[in-house]
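Try each task before you read its solution.

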Amino acid sequence: PAEFRDLIVLTKGTDMGKTGIVIGIYPDGSNKCIVKLDRFKGLREIRVVPRDVVAKRLGEQAPDDVFLIPRKNGNGNSKKS
């Protein structure tokens, strides 16, 4: 089964084929996990789904836009990577 931070694809239901990443697993024995779906029409949905409809996938995750914002260094200028 997919674990925390695994890239996933949903295998059943109305969201079948959507991809994302596991951001949490319920510890209460309910066999549910929290997934952050990949961007679709400008949004990244967060869903609680049963773990049996989540499958691991291979590949790399594109970073969220927030990580692409240029950071400022101490003197107020943007830092180049």
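Let's begin with a term: buried means under 20% relative accessible area, exposed means over 50%, and partly exposed is in between (1.4 Å probe, protein chains only). The model is a predicted one, where local features need pLDDT of at least 70, side-chain atom pairs count only at pLDDT 80 or more, and totals for chains, interfaces and linings use all residues. Residues are numbered from 1 along each chain as its sequence is written, and side-chain values use heavy atoms, with hydrogens and water left out.

**Exercise 1.** Which parts of the chain does the pair Asp15 and Arg47 tie together?

*Solution.* 
- The two side chains form a salt bridge, with 2.0 Å from N to O.
- Asp15 lies in the loop between S1 and strand S2 (19-25), and Arg47 in strand S4 (residues 46-50), so the bridge joins parts 32 residues apart in sequence. Strands (E, at least two residues) are DSSP runs, numbered from the N terminus.
- Asp15 is buried at 13% relative accessibility, while Arg47 is partly exposed at 25%.
- Through shared partners, salt bridges join Asp15, Lys18, Glu45 and Arg47 into one network.

**Exercise 2.** How many salt bridges does the structure hold?

*Solution.* 
- The structure has seven of them.

Definitions and conventions
A salt bridge is a side-chain nitrogen of Lys or Arg within 4 Å of a carboxyl oxygen of Asp or Glu. Helices (H or I, at least four residues) and strands (E, at least two) are DSSP runs, numbered from the N terminus.
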